Amino acid sequence: MLALAFHGCVKDDLDFKKLEQTNYSPDLAVPLAYSSLSIRDLMKNETDSGILVIDQNNFCTLIYSGQALQMKASDMISIPDQDVTQTISLNDSIASFLNQAGTVTFGYTQNIDFSMIQGMELDSVFLKSGIMKTNFKSRIPANISITLTVPALTLNGNAFSESFQLNYSSSLPVTAIISTSMDNYKMDLTNGGIAHNQLKVDYTVTISTTGTPIQGSDNLDIDLHFNNPKYSKLFGYFGQQSMLSPQDTINISLFNANGGVGSFKIAEPEIKVDFLNSFGFPVRARIIQMQGMNGNLSDLVVAHGIPDPLPVNSPNINQIGQELTGSFTMDKNNSNVVAMIANQPKYIISQSENEINPNGNTGENFILDTSKLIVNMEVKLPLYGTAKDFVLNDTVNFNLNNLQNIQSLIIRTSLENGFPFDTRFQVYFTDENYMRLDSLVYGDNLLMPSASVNASTGKVTASTIKSTDHALDHERILKILSAKKLILQAGISSTNNGTTNVKIYADYKFKVNLGAIAKLTL
């Protein structure tokens, strides 16, 4: 619960160049570094993926959150382009009449079946944008006037109707391409309330001869293309569809720190999953994968205790535009979340499967272009638990060049522990490649006892203080002359051999004071 406990502990370079002047006194004391760390300092590197929450009693909780899923309307349902070809063919009787009368007018009706996927049955479409492109190709040597009317395609209550003119001028075919904006149109696809996915188109065609005889085999092709239709609202039945969400990962940077040997347990962790849904159809969702993977990517714990199906609520037809919520929480009483976090997971990995209309057509579905399904996940780690031989490291710069004239060096560590952990403290001298040259403490590491804790409240009542001198003779000084880094290492354990749960409060502090006393050769 003190992961990153020495991150930022001593960030100043330890530069001994001030000792290089030989006119100093034979004994010289030099302060090296001082730091006073609270939990805010210890967790300051967590802000990239987590936040530290401090309650009114100063108790600390680390929270990691992420969006496990965001499914937008365009991800869920889209209307494919529609392409329809209609051929209007003459016959011998119409040709004979036209050659005699010179003009004929007739009507023609076409029912367009919209091509949809997964058994979707659309009743109405409120278009946000789109283009209706009409291609004409006439093989009739005459002037043709065409009025295209779509009674169920309306704008501000007015049915779509446009007229087009194809004039013959001695060569065939006569072609034309007309593009019409479908922005803000409403499309009724029920064919008068008796069908789905159908749009009726009425053609009124007037043919006028120009002196060239008309044949019964002459014809006119009309191609309708609904291109890139985008909706603002859809109504109908959207079929039964199953979609697998992308795999999501929450980075638990608490366990990214170098070290991490030993055990580290949060007593009361929680994983909360929230659902926000504005899709107007039933959704049955289930998590098919949730697991905690440790930093070595070699060990994982699979989550148990997840409800199936998940509590995803959907708005009904009277709640259009509303966002309904649902949630569940995994805790120590209903899941194995304690074991997941005890594995020190660097990643919480999850994936869901989502099925719409799982029970078939039980009522009208709707979707807006703003509709979405969002799944948020929050990992809550109250800093209450145990640690046993949990190793934490930090690195600072160090410089001890050209000091062969030092006979001996004493480094004094003055530590004040206001946290309820026993700490074994060590300092390692390394080169620029982090190869160890020597350690500050020989034998057993420096033991810093836990602060005193009130048994009834669990809060620290008094810090423990300890100062220790570490003598380095000339031979040891020579070993660390090329040192460029100091690795500060602490192994922490809660009381009773790491079995007693303790709480971390924001007003706890760990103070480190490093100084040096050098004996010089004049």
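Reply: Start with a cut-off: a residue counts as buried when its relative accessible area is under 20%, as exposed when over 50%, and as partly exposed in between. Aspartate 438 has a relative accessible area of 8%, so aspartate 438 is buried. Note that this is a predicted model.

Aspartate 438 has a charged partner. Lysine 479 forms a salt bridge with aspartate 438, and the closest N and O atoms are 4.0 Å apart. Lysine 479 sits in helix H5 (residues 474–479) and aspartate 438 in strand E28 (residues 436–439), so the pair ties together parts 41 residues apart in sequence.

Aspartate 369 pairs with lysine 128, with the closest N and O atoms 3.0 Å apart. Aspartate 369 lies in the loop between strand E22 (365–368) and strand E23 (372–382), while lysine 128 belongs to strand E7, so this pair ties together parts 241 residues apart in sequence. Both ends are partly exposed: aspartate 369 has a relative accessible area of 31%, and lysine 128 is at 39%.

Aspartate 469 forms a salt bridge with arginine 412, the closest N and O atoms being 2.5 Å apart. Here strand E32 (residues 464–472) supplies aspartate 469 and strand E26 (residues 406–417) supplies arginine 412, distant parts of the chain 57 residues apart. Aspartate 469 is partly exposed at 43% relative accessibility. Arginine 412 is partly exposed too, at 36%.

Charges also meet rings. Arginine 436 lies over the face of tyrosine 428, 3.7 Å from the ring centre. Lysine 233 lies over the face of phenylalanine 126, at 4.3 Å from the ring centre.

Next, ring against ring. There are 12 aromatic pairs. Phenylalanine 279 and phenylalanine 281 have ring centres 5.2 Å apart and planes at 20°, so they are stacked. Both phenylalanine 279 and phenylalanine 281 are buried. Tyrosine 505 and tyrosine 508 have centres 5.6 Å apart and planes at 65°, so that pair is edge-to-face. Tyrosine 505 is buried at 7%, and tyrosine 508 is buried at 4%.

Now the strands. Strand E7 (residues 121–138) also holds threonine 134. With a relative accessible area of 1%, threonine 134 is buried. Its contacts beyond four places in sequence include Leu148, Ile178, Ile222 and Leu224.

Strand E23 takes part in an open sheet of 5 strands, ordered E3-E4-E23-E17-E20, with antiparallel pairing. Strand E3 (50–54) and strand E20 (324–330) are the edges, each pairing on one side only. Neighbouring strands of this sheet are turned by 25° against each other on average, direction ignored. E3 and strand E4 (residues 60–72) pair over 5 bridges. Valine 53 stands opposite threonine 61 in E4.

Finish with a loop. Asparagine 197 lies between strand E11 (186–188) and strand E12 (198–209). At 11% relative accessibility, asparagine 197 is buried. Among the residues that asparagine 197 touches are Ile112, Phe114, Met120 and Leu189. The C-alpha atoms of asparagine 197 and valine 125 are 10.0 Å apart, across 72 residues of chain.

Methods. Residues are numbered from 1 along each chain as its sequence is written. This is a predicted model: local features need pLDDT of at least 70, side-chain atom pairs count only at pLDDT 80 or more; totals for chains, interfaces and linings use all residues. Side-chain values use heavy atoms; hydrogens and water are left out. Two strands pair if DSSP finds at least two bridges between them. Helices (H or I, at least four residues) and strands (E, at least two) are DSSP runs, numbered from the N terminus. Axes are lines fitted to C-alpha atoms, for helices over the stretch in contact, and angles run from 0 to 180 degrees between N-to-C directions. Buried means under 20% relative accessible area, exposed over 50%, partly exposed in between (1.4 Å probe, protein chains only). Contact means heavy atoms within 4.5 Å. Rings of Phe, Tyr and Trp (its six-membered ring) pair if their centres lie within 6.5 Å; planes under 30 degrees apart count as stacked, over 60 as edge-to-face and the rest as tilted. A charge sits over a ring if NZ of Lys or CZ of Arg is within 6 Å of the ring centre and within 35 degrees of the ring normal. A salt bridge is a side-chain nitrogen of Lys or Arg within 4 Å of a carboxyl oxygen of Asp or Glu.
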